[in-house]
Amino acid sequence: MPLFNLTISNFFFISLAIIFFSCESDPVSVDSSFINNNSFFVQSFNANMENSYTFQDDSLFTGRSYRLYAGDIGDINSKIFIKINTSYLADSKYCLIDTMSFSDSTIHSIDSLQIIFRSFDEIMDEDSLVLIDATSLNIFGGFGTIENWNEDSLYIFSDLEEPINLTSIIDSNIEFENYTFNLNLPFDESWCTSEEDYYIVISYTPEESHEFQCLELTSSQYSSGISDSYRPSLDFSYNQFNEIIEYIDRFNITESYLDGENQNIFHIYNDTLSTKSKIYIIKEMIEGFNDTINNQEIYLNQISISSTGFSAGIYEIDLTLDIEDNILDSITTIDFILDSIIVVADNDDPSQDNNPLGTEGNGIFDSINIDSTELFIDLGFDWCPDLYEAGIENSCLCDFLNHPDECDTLEDENFIYNEDGTEGNGAHDIGEEFPQSADTGIDGCADAYEGGLNEEGNTTCLEEINPSYEEGFDPNEDNYLLDPIEDDWNDCGEDGLCDENEDDYDPESNEDPSDDNWGSTNISGTEGNGVWEEGEGTEGNGQYDEGESYHDWGIDGIPEDEESNCFDCIDDSNSEGNDAYDFGEPYQDTGADGVYTFNEDGYNPNGTEGNEVFNIGEDFPIEYDCGEDGDCDDGDVSDDYNIDPNNDNWLDCGSDSDCEVTDEDDTQENGAWDEGELYQNNNQFDYNDSGSEFYYDWGTDQLPDSLEALSSNNLLSYSAPSTISYTIGENLIVPDQNPDTTKDIIFEVAEITSESISITITANTAFKAIQFRLNHSPYINETIELVHDNDIISKIGQDELVEDLSSYNNLFDSHDFVSDSTLMLDYFNGVRFSLNFSNLSNFIIENPGIYINDSYTTLGFYLYHENSNYSFFENQLNLWAKIGTENRFLTTINANSNNEVLIPFAHVIQDIINGDIDLSEDIIFLLDGVYDNRSRVVLYKEHDTFSPKLEVFYSE
Amino acid sequence: MRAYIHIIILFSFIYSSSLEFYGTGERYNEIEAMGMALGNTYFFSDYTNGLNSTSIATLWRSDLTRITFSSKFSSNIGGINDKDINISFFSFSFPITASKAISFGLAPYTRSNIKVIEENGFSMGQNSSEFIDLPLNSRSEYKIFGGISNLYASFSMAVGKNNSFGFKLNNFFGNQMKMNKIIISTFDASFNDSTDNTFIEQDSTSKIILNQFSGYSMQFDWNTKVGNHQFGASLVAMGPININYRKYYNIYSISDPLERYYLIDYSYLYIESGNDLLSYDPDYSDQIDDNVKINTFVSNIFNRINDYRFGYNYNNNNIGFIVEFHRTDLFKNYSLGVDDISILNNNQPSTTSYHLGLYKRYDNSKAKFFNSINLRAGGYYKKYFFEEGVGSDLALTLGIGFGINNYSNLIDFGFRIGQINSIMFENENYIKGNLSINIGEKWFSRSRRKQ
């Protein structure tokens, strides 16, 4: 067959197979000079001063602030206006009061209405001292109208005219708490019917000398980020109808008779007990047994059953019933059923262990082996657990074994036992002094006695001072040291001392003895200002110091052989290789010693000696084990550690019974009780000439006859009728119930009347005790009850009940913004600034499709702390950029002394590039009202070093 | 759209060399085995029917309907591992009159399939920014594949007894995907060994560029035969090349930002083809149109000559030689010169090449099935004119061909071994091979053929 008789399709498929035969390539490594396609760039933009300016935007809506202000906010005073939208209340349950309907969840009456305000500052201290000047607090309220009220769109500085009918609503009932105060509002029908809203105006005008000058409260816009519950809220206290469902027993058993007598039969009538309606038939019970079983829930296995039983025969039981009068009109029948039946056989010694054949009741403690003994209580000779030990003459605070109820009535102050005591507990507790002499490390050995590490690398401790020891030595290498040379920068100020190390430091009365802490009143302070000063440590101070290693690579920080692919590394010839450090060159911030802390001799962050912390292995001197009060002579036993007041616990301390002294006869800590050791909890029955531990003479089965009787093989079989329905008022002679006569005991209901029920028990064999319950289906009663409740609400449905805003005058009314040479931000006064960057527009136009790097693209501002308008020394601020109608959150600025503020700006530039923001509009920088509205930030505008600068890092 | 992309990917797994770094990839000139064996010549054939399936002016010489496949393999000798086997050419031609033929074909025009790792990257000194604490370094990793394909239609005719004319309309289309991961690191100086500085990766940006090409060119060929002498000339005028340009940034494997954050997985999506991008909107796109319109192309046709070739063939019965001169890529398209269109923004090099081919044909007129065995040898010298300097490609070629079934079927093998010298890369030794199968059938056979 000729080769080329193959069809075209065959060729096609063969060729396709070849396509997938092989394709294998390694990556090609290419020098960057060939790529010539650097994809990552930086472009810097300086602010265009002519087109950058601060201005006051009077279109701000202050009602959107998270905060409200009453009082002095600088040189002006602010009032708080609150509006309660009564229209939302009108349709709420609080205005649907109905005293007659008795329907579920209907409000019957309103007791009171309060409004709750929450403050950012503490207004009452722990001693209930009100910190604000309450006499200067004025609160007026009433229905009315403010024509121009609009919380969401009322311009800043708008005049708000108070409604004319407002009256003072502040009274003696105002309740202050640490950070809240509640104010009673005169709630009445008009709140539900008035077409006007209810307004509250809060003003606060304290004397200038008063420390508390301004109330700063949460507003109805406030959110913690998780919850809105801290907004101003209304607290309704009211009475409401609630539907109650009650289960009522249709009858009670008032009397019980066995063969016509009330002997040997007992019944439970207490309807609070789950055992109610149970009947016990037992002989020879103690007097008052019927009261006992009605006082607490007692089950048959808890009853000591008499040895005397009942012979075979027929027994008539009559139970007197008292049908519940309150429901008598509502019920016609009762369905009876007998359940919970137990019949105990008449057997005096079911286990056949009674004396003299057995060991029960023989008057002596019996044991077959260590695991098979009579039941004993391992409490020592005091027959008392540690908790109730009196600590005096081996006595007990109560008769624990015979009358344990007594123990439950003991008051806390009666107890000698105290496992939570901190004095004398052998451990170092908060409040106890830990002496430096005891801070020897886990080796328990002070430096002077340390003998160094042995061949196995373990620490050794000498009994006498190491003769080769010198001050500062640490033979066992266990000293805790974080900064051996003490050259770490700690921003403690020019004095080099942090507050706690300064003379006369007191955390409450003198926090800054040297008066060098940076803050609003001391902006030249050097401690905590975030800037290194002479006198502070040089390691880790973020700048080069003499003695530190550096690479003399020039200001670009890149060595010469790496500069070939660095476009901006050309002009560093003056600084590269000049044998002097220049800013930008890499260095090791080791401090002048040229060694990082972790390489300094002695550096040991894991050391335990001298770490000022008690470590296991260290001996805590008993004289310092004074408890959390730190007072060993307090004469107070309440903090004494005591877990064995009678000192009778077995601790395996050996024959000398002293754990501190090691016994030479190997009896100490041998895991077994030895003569001479104590008794409680030694897991064996103890006795001596003076007495013994308590035991039950029940034989080695550890059960008395009464409980032996309740074992399953000692119970009799029975037959009982099914449910019997009785119509109240009839005399019911119950017909034959077809009992199983083969059973030992047969229950039959003979007759039922409105007053009693007769039950016949036919015992085919003798028995010792019977338990059964006369059960029935209870009556379900539904009733309406008036209950008191209160709601704290800030909205009904999705409607905010409260609107609020602060009203104040313009602080910058006379400020010359045109001549202002700074950039300023002030939320309260609507001060913002516009920033224009030279060539930014051209850059964006000329570089379409670039990608702005998020990590490095930064807008840098510099804070002007010294400016008289600057007022931002605490807390935080949210900075936003507004371009046209678009707002972009930039960052949260923390107040500190570092004047450089770096703001991530990539997303704004990227949005401009993507066309989401129109750069032809000005970039306006502004604050929001989330944090303290009074903060004012001033930034350098035109300055040789501190002018704003934008650096855009991007990929092409 | 999907089918379009599939076609391009199918033809994208083709040999890679340093030439793939230029333009839209390596320019494909040798696509058929006979030409390869004859020193990468273009115009002439050593078969008695004078048919060369890539030389359009010769196509009228066959009175059969013909289908041609070429499959090629390539491998580097030494250097980096780089092997490929795949289809390089397909054409379908048929006669319409006794002296005219039409053909259609599909062949790669430029191709690239490379992974590139930038060795050193670019540094940014600390003094370039007021806000960064350490010098930065950016380094890129690239994966580039795809290129331009050529779907053409040609017309071939005899002009008088000794002249042939060919016209070819090349329709260019194709996708090229460029994936670029830009790794940004801080430059941490070592104080233990000043030469052992380290780059600590801080950030990365993924960039994907998808270029979709469309365009055309016109080719005119002329062959003249005078006794034992043949002369050939060819020139190509480039029409506009338009590009749909799309740029994508940071397409993550996990698209949901929150899920990405919680799983701490910021890996980028692995893109295997343009299909994977269909569900994403580009971050930037542009339609780059060449600066020539169709109506002005004809009037400027001589100003836009891209390639031209001249050739001479001496044939004395069954032995002969060929010499040719080729010049390619004279004209630079505006659109291909826009940033991000050419690979790494390197322009396609111009080339000037000199070709020599020798052949000896052994005819076997006695055998009905087996008509001839053609032994071929040759070589060429090509100069590459890169922007950064001049490179060269010197190669020797060998091959063999078989005419079968009265020359209705042709089987050709061609091999080439050579060395590329360029300024930016190490010398590259290579071997390439080509298998072409030309099948003739009588579907549209002309009456002049003797049965």
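**Charges, rings and surface patches in chains A and B**

A:D666 sits in the loop of chain A that runs between strand 24 (459–461) and strand 25 (687–688). The structure is a predicted model, and everything below is computed from it. With a relative accessibility of 62%, A:D666 counts as exposed, because the cut-off for that class is over 50%. A:D666 also belongs to a patch of negative charge on the surface, where it gathers with A:D656, A:D658, A:E660, A:E664 and A:D665.

B:L258, B:Y261, B:Y262, B:I264 and B:Y266 make a nonpolar surface patch of about 660 Å². One of these residues, B:Y262, is placed in helix 3 (residues 257–263) of chain B. B:Y262 has a relative accessible area of 63% and is therefore exposed.

The next topic is charged side chains that pair. Over all chains, the structure holds 25 salt bridges. One of them joins A:E800 to A:R231, with the closest N and O atoms 2.5 Å apart. This pair links distant parts of the chain, 569 residues apart: A:E800 is in strand 36 (residues 799–800) of chain A, and A:R231 is in the loop between strand 13 (214–218) and strand 14 (233–248) of chain A. Are the two partners buried or exposed? A:E800 has a relative accessible area of 22% and so is partly exposed. A:R231, at 10%, is buried, because buried means under 20% relative accessible area.

A second salt bridge is formed by the side chains of A:R773 and A:D339, at 3.0 Å from N to O. A:R773 lies in strand 33 of chain A and A:D339 in strand 19 (residues 333–345) of chain A, so this contact ties together parts that are 434 residues apart in sequence. A:D339 has a relative accessibility of 21%, which means that A:D339 counts as partly exposed.

In chain B, the side chains of B:R304 and B:D290 meet in a salt bridge of 3.4 Å, N to O. The two residues are 14 residues apart: B:R304 is in the loop between helix 4 (294–297) and strand 11 (305–316) of chain B, while B:D290 is in the loop between strand 10 (284–288) and helix 4 of chain B. B:R304 and B:D290 are both buried.

Salt bridges can also join into a network. In chain A, such a network links A:R67, A:E216, A:D932 and A:R934.

Aromatic side chains are the last topic. A pair of aromatic rings is described by how far apart the centres are and by the angle of the planes. The count over all chains comes to 90 aromatic pairs. In one of them, A:F747 and A:F772 are edge-to-face, with 5.6 Å from centre to centre and 65 degrees between the planes. A:F747 lies in strand 31 (residues 745–752) of chain A and A:F772 in strand 33 (residues 767–776) of chain A, so the pair ties together parts 25 residues apart in sequence. A:F747 and A:F772 are both buried.

How far apart are the ring centres of A:Y870 and A:F873? The centres are 5.3 Å apart and the planes stand at 75 degrees, so this pair is edge-to-face. Both A:Y870 and A:F873 are buried.

Ring pairs also build a cluster in chain A. Its members are A:Y94, A:F143, A:F187, A:W191, A:Y198, A:F236 and A:Y238.

Key. Residues numbered from 1 in each chain as written. Chains lettered and ligands numbered in written order. Predicted model: local features only at pLDDT ≥ 70, side-chain atom pairs only at ≥ 80, totals over all residues. Heavy atoms only, no water. Patch = residues over 30% accessible without salt bridge, like charges linked within 9 Å, V, L, I, M, F, W, Y side chains within 5 Å. Areas by Shrake-Rupley, 256 points an atom, 1.4 Å probe, with all protein chains shown as cover. Salt bridge = Lys/Arg side-chain N within 4 Å of Asp/Glu carboxyl O. Lys, Arg positive; Asp, Glu negative; His and termini not counted. Charge placed at Lys NZ, Arg CZ, Asp CG, Glu CD. Helix = DSSP H or I, 4+ residues; strand = E, 2+ residues; numbered from the N terminus. Buried < 20%, exposed > 50% of the residue type's maximum accessible area, 1.4 Å probe, protein only. Phe/Tyr/Trp six-rings, centres within 6.5 Å; stacked < 30°, edge-to-face > 60°.
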